[in-house]
Every structure is written in structure tokens, then in C-alpha cells.
Amino acid sequence: MNTQLLLIQVFNGLVNGAFYALLSLGLAVIFGMLRIVNFAHGALYMLGAFTAFALGQALGLGFWPSLVIAPVLVGLLGAVLERTLLSRLYGLEPSYNLLLTFGLTLLTQDLVKQVMLSRFAVSSAPYSPPEVLSGVVNLGFVVFPKYRLFVIALSLVICVLTWFVIEKTRVGAIIRASTENPGVTRAFGIDVGKWVTGVFAVGVGLAGLAGVLAAPIYSVEPYMGAELIITTFAVVVIGGLGSILGSVVTGFAVGVLAAVGAALYPPVANTLVFVLMFVVLLVRPSGLFGLPEGAR
Amino acid sequence: MNKTTCALLTLALSLPTAAHAQTLSGGSIRVGVLTDLSGVYSELSGQGSVKAAQLAAEDFMKANKAYAGKISVSGVDHQNKADVAGNKAAEMIDRQGVDMLVDLPTSSAALSAAAVAKGKKIPVMVVTGGTTALTNESCNKYTFHYAYDNYMLANGTGTAVTKRGGSSWYIIYPNYAFGQDLNRQMTAAVQENGGKLAAPSDATPFPNTDFSSYLLKAQSLKPKIFGTMQAGNDLVNVVKQYNEFGLKKQGVGLGIGLLFETDVAALGQDAFAGAIATVPWFWNFDARSRQWAAKFEKAFGKKPTWAQAGVYSATLTYLNAVARAKTDDGDAVVKALEGATFDDMFARHATIRAQDHRVLLDVHTVQVKAKADAKETGDLFTRLSTIPAAKAFMPLSESKCRM
């Protein structure tokens, strides 16, 4: 393959990388702060896409309002889930929250499928990008859909913003303190429980946002998150569990790797990420950007 | 001879006929629809296929009074998994006493169920599974392949598209039995008609949502036709992204291996407009197909897909064979089916080839209409040509079937 084609694929890989980054960012925030392995993340991503579709069908809302409303709704649902279900499992073995969130995934998928079939008479629905972003733009080296460029840009902004809030602001400091040592933080008069719920809601909201962004590219269907979530978990592990920078950088890197792989030798495209995970874990068991357990 | 004697005599003569009309196992014919009731193919087959088989049973009982009340239809979910399909087939035959199996979407599931049914001497009518293995290396005495197969799709679409100026192709296919087979057949059909491949075909992961890498490759290769052998939801994603990358405007046409009405509905007619495919049937083909489709829609609430229409036809063909054999014994029904010729609302000029059990019927190459050209709801296809039954399917000389 010539250099130009390779460059094109590197560029193209950033789009999928954007989704991996947004999703693993949410997972990393939730795991880093709350020690919850949220297996329902893929289903919540799908719920974001489905909410955007349903808002469009029921209320005639277009892409832009949905881009704000759907993640908020998914975030609120996340808060409810955390308060009513997940919070009961704190202090128990992690396998409990894994089972719970996996069950929630199955439940959500089937529920959405039922609603789509009975209410909209389809099991896979189309969703169009907004008018200004439809069509392609000639970048000189490649003709590329405008909407995909927007996805790369927006997710970069969100990633930087999240990183900034957590690392550089007072809010971030409280969140970090609440998870590092909840007892001491409570002693400062901070309601740790509320912060935990808030962080979970935001993390899940990020998945919802990724879902809305994905709707115009992939068709909206109940199982759209199932495949993606596996790769996303690999991304989180490679980047270092809980590391925000790690998940964003690895997210984009894995997207690029898969795109280049798909162009060079398609059958291995989906396997490459696991090969990478294997190699990284051999060399750095705590992931690329993860700190060793003792150093936290 | 007075009137009473005459009537009595007639009655006496007719009685044994009625009693001998059927020797049915368990006193009735049980039709088993083994299908996908929950997954990706549930819309194009699923409950609609069960309904279609029920309609066939009702119509048959109306026409053959001797069988009234003696046919039952049950639908079972095989989840598109080969192991589940095999287990469910065995369960249906052993526990429910099912006398035949019909539908069978997903090639691997169809092959698995067919192998089980063979051991139990139960006829199987595969309608929705596509692999040509069913009538080749994996053929058996009890399996019949109805409606379509990969050879027919490739032969129809590859020929039609290439002859209409699609001189160079770039093909992608899902990397499993169905996709690999369809890619082989399609490539051969393109080359036989003077077309060439702009680059070797690419095998894509299955299932897969993102096809951008291949679409960008197509952008640089500039073939006349971007051929996609994906099916169901994967096909919907490919076509969606084909439009997103603006390939049509860049002069790259779309060639589709396997197309169901539900795929077009999922994405909207305009996304598919202009694409050419081969189908065994469509609801507004003629008055007969329309009439049946209306009846189905009334019973089911939706227009039938060609897979569902095929299930109706296959079930009816089976029941007619039972009537001819006067028994539902597997071997006798198979004998009655072999070599049979018929013509119904779905299968035109149909013959059941005795040597490999391929059901030959007329098929159509169609082009998807733009929404603006549709004359009524669900008016999806313009018929380009009809391929006669004798030419549509793999010739016997190429078949690897040893029964």
C-alpha cells in the first residue's frame, strides 16, 4: 500500500478512535473514581443513539437538541441506576457489579428491541446527520464525510474538557479526594455519596453522547453497543485502568490501528487490539499510563 | 336400481377412499417452522414465516377437505446458531412429532438442522438459508432447497450488473461460510461476463459495523461497481456508509449480493436507489402475487418479504406431496416431491430436480426504485429481467451432489 493510502487510513481511524476514546473515558472516570466495572456502558451508548432516534420520531427533534438532551437523559438514568442498584453493592466483590451491569445490558437491549419493533416497526433504524454536516468535503488527499470530521473535533474537545475538570479544578479535586479516601473527605463536610452519583451520571452521559454521535454513522439498533464495548474494555486495559489520559490516547491509537489493519489485511482488523493488549500487559502489567498498584 | 340403493352404493364406495385418504403419523401433519424469532433475521422471516406456513395449511385444508383440521403449524426459534438449530430440530421431531421442517435462515443453522432431519428421515424445505452446499457436498435425500441460493444470486446480479456497464468491481464479503461462498460465485459471474476485479476481494470481519476503510479503498480504486456480499444489518451499515462517503456521486455503483425488503425499509428506499439485486419474488410482481400479499398483509399486518412468501409456497408444495403420497411418511413424501413440476403464486415454472433437490423456479433481477418513483407504499423494485427457471440455478453438470 502506498503512503497516501496509509495516511488516509490513519486519518480515517481517528473517527472510530473518537468513539473508543469517548466510551473508554467514561469507563475510566467511573472505574478510577468509583471502582465500578460498568459492563452496561455499551447498552447506555446504544440508549443514547436510540433516545436521539426516538426524540426525532416522537417530538420531531433534530440532531442538535438531541445531542444535548439524550446524554442528559442517559446520565439521569445512570444516576437512578447508581442510587437504586449499584450503591447496594459497594463493599462487595467486584464480580457482583459485573453481573448486575451485564444483566442490565441484556435487559436494556431486549427492551429497546421490543419498543423498536412494536412502536416503530423496525429493528434497525436510519438516522441522518444534520443538514450542514451532510455531504463530503475534499481535503486534497481524500474525499471525506463532513460529519465524520465533526465527530473527531467534538470528541477531542470533550476529552480535553473532561481531563481539565478532573485534573485542574476544585470539582476535580473533590472527586479525586472522595474516591481516594471517602472517610477523610466526609470529615471535611463533603457529601461523598452525592459526588459518586454525579460522577457516575457524567461517565454514563459520555456514553450517551457517543451514542448520539454514532447514530448518523451506524444504524440505530439494539445490539450496536455489544461489539463496541469489548474493544472499549481492551482500550481501558491498555491505557491503564482508571487513567483518563491513557484511555483517550489509547482510544485514538486503537482506532487508527484497526483502520490501518483493515486496509492492509482485513481479517486481522478486529484482532489487532487484543494483540496490542497482550503485548502491553506483558511489558507493563498496569497499562501504558497506569500507575503500579502501590503508587496510587 | 332405485335412488336409495344408488346413494348407498356411492357411499359404500366412497367410504374406504375416505378412510384410506391419509395414513398420517399421529393422525395429523405437523409442520415445524424452524426460524429466527428474536435475532437479526426475525423481521425478514420469524413470526411472518410462521404466519405464512399457517396460511398455507389453511389454504390446503380448504382445497382438500379430507385433511380439514389435521394440520398444525408450530414455530421454534433457532437463534441463528448451528448447535441450537440441530438441537431444536431433534426436539421438534422427537417430542412434537413434527413431520417436516421449513424456513431455516442462516446457512450454518440450515446445514445443521438438515443433518439432524436426515438421520430421522424427515423432509426439510430450506427457504431462507443461502449456501449452495445444501445441494452440493452436503446434499441429502431429505433436504430440498427452495427460493434462492448463492449461485442464483451471483449468476443473476453479477451478469446483469456487468452487462449494464459494470466492467470493473471491488468486492467485500463477510468472512464466514455464506460470504466466502457468495464472493466466489459473484467473482466467477463477473469474470464470465467480461468484467474484471479492480483489486482482489476483501474479507471483512463478521459482524462488523464500520466499513469506512473499504469505502476509502474503493474511492482510490475507482471501480465501476462496489460489490457488497454482506447481509442483514451489516448490509444496512455498508449501504449507509456508501452514501455517507458520497461514492455514488464519484461514479461508483452499488452491487448487492443478497437483498431483502426489510433491509430497504431499515435504511429508506433512496439510500438503495439504483442498486441491482436478484430476488425470487416480490409482492407486486403480478396479480397473483398481489392477491396473496394482500391476504398475508390482512392476516399479519405487514407486507410479506420474499422469504415469507417462499415459506408459504414451500409448505404448500410439501402438503401437496403428502396428498399425492397419501401419507406423511418421509420417504414416500420425498418420492412424491422428486421431479414434481408446479406453478404457484411464488414459484413460477417450478421443477424439483430429483438429482440434487434444487427447486428450480423463475427469478428476477430488479433495481431499487427511488422513493419518488414508487407508485404505492412498499413499491420497491423495477424488474429488469426474468431469468427462466432452467437458467437461474447451477446446472446439474457442476453439482457436487452425491445422494
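**Exercises on a predicted model**

**Exercise 1.** Which residues form the nonpolar patch on the surface, and which elements give two or more residues to the patch?

Solution. In this predicted model, the patch on the surface is made of A:Trp163, A:Phe164, A:Val165, A:Val171, A:Leu245, A:Val249, A:Leu288 and A:Phe289. Together these residues have about 650 Å² of accessible area. Next, assign them to elements: α5 (146–168) and α10 (244–264) of chain A each give two or more residues. The largest share, three residues, comes from α5(A).

**Exercise 2.** Find the helix that holds A:Val171, and decide whether this residue is buried, partly exposed or exposed.

Solution. A:Val171 lies in helix α6 of chain A. Its relative accessibility is 37%. Buried means under 20% and exposed means over 50%, so A:Val171 counts as partly exposed.

**Exercise 3.** Where in chain A is confidence lowest, and where is it highest?

Solution. Start with the chain: chain A averages a pLDDT of 91, and 98% of the residues score at least 70. Confidence is lowest in helix α6 (residues 170–180), at a mean of 87. The highest value, 97, belongs to helix α3 (residues 63–84).

**Exercise 4.** Describe the largest nonpolar core and list the contacts of B:Phe226.

Solution. The core has 192 residues, of which B:Tyr146 and B:Phe226 touch the most other members. Helix α1 (residues 3–34) of chain A supplies the largest share, 14 residues. Leaving out residues up to four places away in sequence, B:Phe226 touches B:Tyr170, B:Ile172, B:Tyr214, B:Leu215, B:Ala218, B:Val238, B:Tyr242, B:Val252, B:Gly253, B:Leu254 and B:Gly255. Another core, of 15 residues, lies apart from the largest one and includes B:Val76, B:Ile93, B:Leu101 and B:Val124.

Notes: Residues numbered from 1 in each chain as written. Chains lettered and ligands numbered in written order. Predicted model: local features only at pLDDT ≥ 70, side-chain atom pairs only at ≥ 80, totals over all residues. Heavy atoms only, no water. Core = buried A, V, L, I, M, F, W, Y, C linked by side-chain atoms within 4.5 Å. Buried < 20%, exposed > 50% of the residue type's maximum accessible area, 1.4 Å probe, protein only. Helix = DSSP H or I, 4+ residues; strand = E, 2+ residues; numbered from the N terminus. Contact = heavy atoms within 4.5 Å. pLDDT = per-residue confidence, 0-100. Patch = residues over 30% accessible without salt bridge, like charges linked within 9 Å, V, L, I, M, F, W, Y side chains within 5 Å. Areas by Shrake-Rupley, 256 points an atom, 1.4 Å probe, with all protein chains shown as cover. Salt bridge = Lys/Arg side-chain N within 4 Å of Asp/Glu carboxyl O.
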